[in-house]
Amino acid sequence: MRRHDREISDSAFYDHVFKTAEHMVVAMQNNDSIYCLPFNFARDGNRIYIHSAREGTKLDCIRNNGNVSFNLICDTRIIPEEATTRYKSICGQGQAAIISDREEKRSALDLLAKRYGAKCHVPARDSDIDRVAIIRIDITEMTGKQSVG
């Protein structure tokens, strides 16, 4: 990171950003290009869970190469008179895998429902588990950054 004065490695900072960010953007390798998408997510320690349709480009990317990068941002405030933006963010890398274990899928769906206050059945029903794919990202590296003024 170029601006070491903005680098944050405190676990409380990470917890705040993961709790407060509304979505996470994940970038993955798609043949010779990068495929980048926003996701709803839930974190459980050093694991991040996202859900998906059971087929599609993102799953093909992960099957071919599970290395991903991710970004979260929160507490964003644009300051026009200073031509700057205040924010807290995390950039990270991890290894993504498509989960087949039913109980891990159920647990991930329950985490997602709790995080977003979804009005769905908790614990997740078998029919809920069967209609979605769950992707787990095992975090290998992350860096926090903030510009709070």
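Which residue in E8 stands opposite Gln-93? In this predicted model, in which residues are numbered from 1 along each chain as its sequence is written, local features need pLDDT of at least 70, side-chain atom pairs count only at pLDDT 80 or more, and totals for chains, interfaces and linings use all residues. Side-chain values use heavy atoms, with hydrogens and water left out.

The residue opposite Gln-93 is Glu-141 in E8. Helices (H or I, at least four residues) and strands (E, at least two) are DSSP runs, numbered from the N terminus. Strands count as paired if DSSP finds at least two bridges between them. E7 pairs with strand E8 (residues 133–147) in the antiparallel sense over 13 bridges. Strand E7 (residues 84–99) also runs antiparallel to strand E6 (residues 67–79), to which 11 bridges join it; here Gln-93 in E7 stands opposite Ser-69. E6 and E7 form a hairpin with 4 residues between them, and Ala-83 in the turn has a positive phi of about 50°.

A nonpolar core is a set of buried (under 20% relative accessible area, 1.4 Å probe, protein chains only) Ala, Val, Leu, Ile, Met, Phe, Trp, Tyr and Cys residues joined through side-chain atoms within 4.5 Å. The largest such core has 28 residues, and Phe-18, Met-24, Phe-70, Leu-72 and Ile-90 have the most contacts inside it. Among the elements giving two or more residues to this core are helix H1 (11–20), helix H2 (57–64), E6 and E7; E8 gives the most, with 5 residues. Beyond its neighbours within four places in sequence, Leu-72 is in contact (heavy atoms within 4.5 Å) with residues including Val-17, Phe-18, Met-24, Phe-41 and Ile-90. A second, separate core of 8 residues includes Ala-108, Ile-129, Val-132 and Ile-134.

Notes. Buried means under 20% relative accessible area, exposed over 50%, partly exposed in between (1.4 Å probe, protein chains only).
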